[in-house]
Amino acid sequence: MAEDQSHAPVPPSPEFAAAANAKADLYEAASADRLAFWAEQARENVEWADDFTEVLDWSDAPFAKWFVGGTLNVAANCVDRHVAAGNGDRVALHFEGEPGDSRSVTYAELEAEVKKAANALLALGVEKGDRVAIYVPMLVESVVAMLACARIGAPHSVVFGGFSADALHSRINDAEAKVVITCDGSYRRGKPTTLKPAVDAALDKGCPSVTNVLVIRRNGEDVAWTEGRDVWWHEALEAAEAEHTAEPVDAEHPLFILYTSGTTGKPKGILHTSGGYLVQTTWTTRSVFDLKPETDVYWCTADIGWVTGHSYVVYGPLSAGATQVIYEGTPDTPDKDRWWAVAEKFGVTILYTAPTAIRTCMKWGEEHPAKHDLSKLRVLGSVGENINPEAWSWYRRVIGGDRTPIVDTWWQTETGAQMIAPLPGVTALKAGSAQVPLPGIVADVVDDAGEPIEGETAGYLVLSEPWPSMLRGLWKDDQRYKDTYWARFPGKYFAGDGARRDADGDIWLLGRVDDVMNVSGHRLSTAEIESALVSHPDVAEAAVVGATDETTGQAVVAFVILRGGHEEGPDTVADLRAHVGREIGPIAKPRSIMVVAELPKTRSGKIMRRLLRDVAENREPGDVTTLTDSSVMDSIRAGASGSA
Ligand code: ATP
Ligand code: MG
């Protein structure tokens with residue numbers, strides 16, 4: 001079934017609006033006095049050991065200090081305070097293993113585990129300020145490990161469990177981690193996998209800072225053991241003291257380092273600190289998802305290996321006292337309805353996922369979600385890429401029963417928390433647009449000279465004022481921090497994304513600035529042409545790049561995946577070209593369209609257009625180390641040379 005093509009704005013239902021956590025007057029309050037607004041959020045959303053004396057110190061810009069003088073313990077905010085408030089029996093985590101095992105952990109149980117894990121790390125000699133690398137699948141222990149680090153003030157660096165030994169090796173050394181926390185193995189697509197061998201291989205290449213490896217036992221696979229270095233997690237926790245007093249740290253104490261997904265180039269080690277980060281992640285969890293911790297069951301499908309897993313699995317939801325689901329495996333194991341079975345089983349009310357997952361579900365067909373009762377869902381979220389209007393409408397109709405608001409949230413590893421998003425119950429929703437900066441956030445669309453653009457012309461997205469959860473720098477690379485984000489438009493944070501405003505002032509993201517195409521002097525956005533392709537009933541996913549062209553400067557080259565049940569026919573390419581011509585204009589018609597089975601994606605599910613540009617321009621693809629499956633590039637290149 002095709003979606004409603006009008007995509008008229010969807011106003012909030014009066015019932016939802018009446019009960020919503022967010023109210024329209026937040027915008028006024030925040031624009032009247034932005035720092036007072038954040039001070040209020042800081043005191044309402046976070047428990048401080050010492051109150052702060054200054055909201056923002058920007059005197060050493062672009063290095064910010066938020067909530068100066070304040071002290072807090074992030075882990076105690078995420079766990080202990082809920083137990084102290086009498087909610088120890090509330091479930092914090094419903095864990096669903098891929099083989100079907102599940103386990104529910106209350107806040108009181110989580111507190112006991114985190115305390116022991118903190119003591120276990122201390123017993124291994126980890127001190128406040130020491131870094132800990134975490135290389136794990138989605139398990140309860142993984143969340144405990146992150147919180148235990150936060151509890152003792154040891155910044156963690158989580159490395160996605162699917163990354164290679166090489167990627168792990170460089171990240172361990174960059175952060176000079178003292179301990180690595182890993183796991184024997186996990187389950188992927190019905191089969192046991194192993195993680196520990198990659199840690200062994202990384203350490204064999206030389207990681208002089210590492211003294212111990214803590215190994216969680218998950219699937220019982222045989223793993224090599226280095227006596228004196230390797231320690232079983234469960235044994236360390238059994239031996240650990242049960243009591244641990246959480247020491248407050250300074251608001252600016254480092255909480256974690258996390259590398260970006262590498263969509264545009266070499267990953268950057270983003271540094272986040274404690275107070276401001278916790279304030280903004282907690283506040284957005286409550287406002288953007290309308291989280292009611294007493295009644296909601298929240299599920300963010302992101303892996304903890306990327307920022308969404310940090311901010312919207314671990315820190316934001318737990319600090320807000322949520323009951324949430326974490327799932328170990330893939331969405332199609334044993335069948336393509338697994339996510340919907342999990343959502344039904346736990347009665348999920350709020351779901352946060354990525355456009356790539358939604359488009360995959362569209363490709364698989366709506367019969368899979370139709371098998372399950374999803375009637376408890378009341379808020380849906382999207383993050384990571386543009387959500388094409390077609391995918392938005394499908395998400396709302398098929399998953400949300402045409403009743404749930406959808407919050408399309410724009411943010412980055414660097415921003416730490418959501419920045420541009422509608423507020424459910426307040427904003428009339430537009431399919432495909434992240435719409436409005438959240439209260440307290442100042443975003444703009446500017447031209448080459450950094451001047452705000454009036455009207456609908458495309459430009460660059462910038463953040464004009466600092467925000468609490470902003471990155472505090474790149475790990476050990478102050479210069480790259482200044483050059484990457486603050487040099488292009490002095491005094492403003494350059495996000496690297498293109499954007500435009502519509503007649504209502506709503507913001508539409510247009511894709512990476514690096515990906516914007518210039519065809520015969522016309523600037524075309526990858527996101528808009530991709531959305532036009534996806535609005536064709538045959539197309540499930542599309543990626544568009546600009547390739548050098550002798551006559552037009554650049555030409556539009558498209559790669560498309562067809563929807564389930566559709567096969568490429570003799571007219572497919574001509575049909576799709578004509579469709580783009582009708583939707584956007586003849587100038588946007590792709591020079592060539594290639595039907596492919598898969599697109600190259602990062603581990604967090606983003607399309608890597610730079611690799612497709614290499615194909616379109618007949619080059620060897622560049623750095624593929626953060627790709628999910630590098631064989632995808634081989635098959636696309638084989639197809640490209642076959643059709644050339
Ligand atoms: P790298 O910076 O290493 O190239 P990355 O930018 O993919 O990697 P992330 O920080 O995970 O790493 O992704 C942030 C980017 O994702 C944003 O800059 C934007 O391009 C895109 N993005 C995230 N959410 C949205 C959204 N709701 N709409 C459009 N784009 C989004
Ligand atoms: Mg980026």
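Guide: A polar contact is a pair of N or O atoms within 3.5 Å; within protein, one must be able to donate a hydrogen and the other to accept it, and residues adjacent in sequence count only if both atoms are side-chain atoms. This is a predicted model: local features need pLDDT of at least 70, side-chain atom pairs count only at pLDDT 80 or more, and totals for chains, interfaces and linings use all residues. Residues are numbered from 1 along each chain as its sequence is written, chains are lettered from A and ligands numbered from 1 in the order in which they are written, and side-chain values use heavy atoms, with hydrogens and water left out.

Visitor: Which residue has a backbone N or O atom 3.1 Å from a nitrogen atom of ligand 1?

Guide: Side chains also reach ligand 1: a polar atom of Thr-413 lies 2.6 Å from an oxygen atom of the ligand, and an N or O atom of Arg-512 is 2.8 Å from an oxygen atom. The backbone atom 3.1 Å from a ligand nitrogen belongs to Gly-384.

Visitor: How many residues surround ligand 1?

Guide: A residue counts if one of its heavy atoms lies within 4 Å of the ligand. Among the closest are Thr-260 and Ser-261. The number surrounding ligand 1 is 20.

Visitor: Which helix gives the largest share of the lining of the largest pocket?

Guide: Helices here are DSSP runs (H or I, at least four residues), numbered from the N terminus. The share in question is six residues. The helix that supplies them is helix 14.

Definitions and conventions: Helix = DSSP H or I, 4+ residues; strand = E, 2+ residues; numbered from the N terminus.
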